[in-house]
Amino acid sequence: MNMFRLFENVCTASYSYVWWDWPRWEREIDRWALNGINLAYASTGIEAVWTRVYRDLGLSDADIDDHFAGPAFLAWNRMGNLRGWGGPLSKSWHARQVLLQRKILSRMRELAITPILPAFAGIVPVAFKRLFPNSKLTKLGSWCNFEEKYCCPLLLDPTDPLFKKVGIKFLQEVRAQFGTNHMYSADTFNENVPQSGDLEYLRNISVGIYETMTAVDPNAIWVLQGWMFVNEILFWTQDRVKAFLTAVPQGKILVLDLFAEQMPAHDRLHSFYGQPYIWCMLHNFGGTIGMHGSLPQINEGVHKARNNTGSLVGLGMVPEGIDQNYVVYDFMADVFWSPNPLNISSWVELYARRRYGLDTSSHLIQAWQILQTTLYSYDGSLGALHGRYKICTRPSLQWTPETWYDSKLLFQAWGLILDDSQPRNSSNFNHDIVDITRQCLQVMFFGQFELKICTRPSLQWTPEESHVFESNARNQVTLWGPRGEIVDYASKQWSGLVSSHHLPRWTLFISYLNKSLDQNITFNQKQYNKDVLNNIEKPFTYKLDTYPDTPSVYFSILKTTLIEESHVFESNARNQVTLWGPRGEIVDYASKQWSGLVSSHHLPRWTLFISYLNKSLDQNITFNQKQYNRDVLNNIEKPFTYKLDTYPDTPSGNAFDIARRIYQTWIPKVSGSQ
C-alpha cells in the first residue's frame, strides 16, 4: 500500500518551479528525499524535444511559436487547454531548460526518486490541420473562455495512423535525451471533455495512448491524473470510466485520485476498477497562500483507503503550488509512515516544538491547537477552497467569504503568538508571525468592510443645530462613542462618507497588510522577480550535446538579448498572479498576498472601486460592476502586467513588533463592534 510516495501536480511546474535555477531545484529534490518521496513529475525542457519532433514533421518556426505558451503557462499548454499565450519560447530558453532537466533527473535518480516523463497524449498544434488534412483531428473546446487566438489546440484521434507515428517519434526523442524509468504521463482530458461518450471510442483512446508508449518502451506505466473524474463527474459515469481504464492491461495504468481529502473518486469508481491508484492530497489551487487545511479528513481518509480491499499502492501530495501551509504537508509526510491514524492534538504540539524549539512556550502551543481546530479542520462544506480573500481579488459587491470557523478564535491564536514571552529570532517564527498577521488582516477586512449600498437620508436642520447634530451624526456612523467604543456598529456606505472616511481607512488597512508582508522574503514580490531574472539575466556560455540543431554547439547569450527576454518573462510572471490570461479569463485564480503586489496592484484596484462606488451613491444610481470591471482591467490590471517596477528585497522593520502594533491597532476595533 505504501509502494509510492508521490509529490507534485502537473500544474506545480508552472505555479512554483518555472523560474527556478539549479540550486533551488537541488534543494527541493533533497527535501523530497528527506520526506520519503520516491515518485515525481519531471517535465522541464520538454518543449525542446517537441521542437525537434515538430520540425521533423514539417512545422515551421512560426507554426511552433503559435503553439507554445509562455513559461508561466506551459502546464496548460501541455494539457491542451491553451496555446500561444505568453509565448513564444526562445532557443536560449529551450537550451537552459534541457540542461536543467538533465541535472534534475540525475539528482532524482541518485536519490531513488522515479521521474514521470511526458508521453504523447494526442494534443497537437493547429498547423497539423494544414499539414495533415486527411487525419482525424478534433478542435478542442475553449478552456475558460480564452479567445480563438489562444485557445483550442487539436486532438489527434488515437485510431489515426499519424497518432502512433507522432507518439513514437516523441517518446523516442524523450528517451534519447533524458533516459527513462518507465513511468510516463499523458492527460488528454484535463478539463477537456471527450467529443463522444461512446464506450468504444473511450476504449480506443486509452488503447492508442498506451500502445504508443509500449511501442517504444514495453515496460511503460501510464500515470494518469484522475482530476477529470472529479471535475467532469457528470460526463465520467461509472461505465465510461470503466471502459477507459480497463482498456489498458491490469497494472499498467497508475491513477492519481487527485483530490481525495475532499472529493475522493476511488469509492464511487470501485478502486478504479482494479487499476492501481495513489490517494492524493491536493489541498492547494493556483499557489494561493491563504491558511487552510483538512487534517482530520486526511487522517481519516488515508486510514479508510488503507483498510479497504482495493488497489491502493501509495499516497501523494499534489498541490498546484508549494511554499504555503507547511503544517499540512508535514502532517501528510508523517501520515505516509503511520499505519494508524495520528492523534492530531499531540502531533500539533510536537510540530510546534520542532518548528520553534524544545523551549516553545505554552502560548505558542495553545495557539497552534486553536489553529488546528479552526483553519486546519476544514470539512469541505464550502466546496473546493482556493485560499483567496477579498482584499486580493477584484473588488465586487458580491462575495462569499471562505470562512468556516469562528474568526474570534483565529484572532485569539494571533494574540497568543504575540503574547509569547520570548519572541524568537528564527526564520520559522518570523515567517509564521507574518503569515498569521496576513491571514487575520484579510479576515478582518471582509468582516469590517462588507458593503451594503444605502441612500443617505435628507437632513433638515436649523443653522443653530447643524454643528451639534452634524457631529452627532458623523460620530454615530463611524466611532459610535468618544473613543470608538463600538466603532462601525452603525457604519453606512454613503456618498461622501465612503470617499472621506472609508477610503482613507481602507487604504491604511491595506498599507498595514503590505507593511507586514514586507517583513519576510517569502511574502515579497521581489523574491518572485529575482527567481524570474535568475533564469535569464546573466550572460553565460552553455555546452549542448544535441541542442538546438547540431551535435555539439557552444554559444554565448548576450546580456542585451537576456534583458529583452527578461521583460517577456516578467510579464508572464505578473500576469499569472493577477489576470491569468489576456483579458482576465481566470482573474485572481493564482492571486498572492505579497508586499509590492498588494501596494502596486491590489490597493489601486480598491481605490478605483471606492471612487466608482462613491459616484453611484452620489448620483443615486445602481453600481455598474461591468463598467468597473472594464475600467479596472484597462487602467490598472493590464498595465501592471507590463510594468518593470522594482521592490525592496530586505525587511524594513521587525516582524514581531510590526505585527504587535497592527494587533493593538485593529483588534480593539473588531472586539468593540457588536
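Reply: Start with Trp279. Its bridge partner in strand E11 is Leu315. This is a predicted model, so read each pairing as part of a prediction.

Strand E10 covers residues 277-281. E10 and E11 pair in the parallel sense, over five bridges.

How does the chain get from E10 to E11? Helix H13, residues 295-307, belongs to the unit here. E10, H13 and E11 make a β-α-β unit, and the unit is right-handed.

Now turn to another partner, strand E1. E1 spans residues 4-7. E1 also pairs with E11 in the parallel sense, and this pairing has four bridges. Look for Phe7: its bridge partner in E11 is Met317.

Is E11 itself covered or open? Strand E11 runs from residue 312 to 317 and is mostly covered. Six of its six residues are buried, meaning under 20% relative accessible area.

Next, step back to the chain. The chain has 674 residues, and 58% of them count as buried. Its secondary structure comes to 25 helices and 13 strands. Contacts tell a further part of the story. Take those between residues at least 6 apart in sequence: 76% join residues at least 24 apart. Last comes the surface. The chain exposes about 26,800 Å², with carbon and sulfur atoms supplying 52% of that area.

Conventions. Residues are numbered from 1 along each chain as its sequence is written. This is a predicted model: local features need pLDDT of at least 70, side-chain atom pairs count only at pLDDT 80 or more; totals for chains, interfaces and linings use all residues. Side-chain values use heavy atoms; hydrogens and water are left out. Helices (H or I, at least four residues) and strands (E, at least two) are DSSP runs, numbered from the N terminus. Buried means under 20% relative accessible area, exposed over 50%, partly exposed in between (1.4 Å probe, protein chains only). Contact means heavy atoms within 4.5 Å. Accessible areas come from the Shrake-Rupley method with a 1.4 Å probe; for residues, only the protein chains shown count as cover. Two strands pair if DSSP finds at least two bridges between them. A crossover is right-handed if, with the strands pointing away from the viewer, the path from the first strand over the helix to the second runs clockwise.
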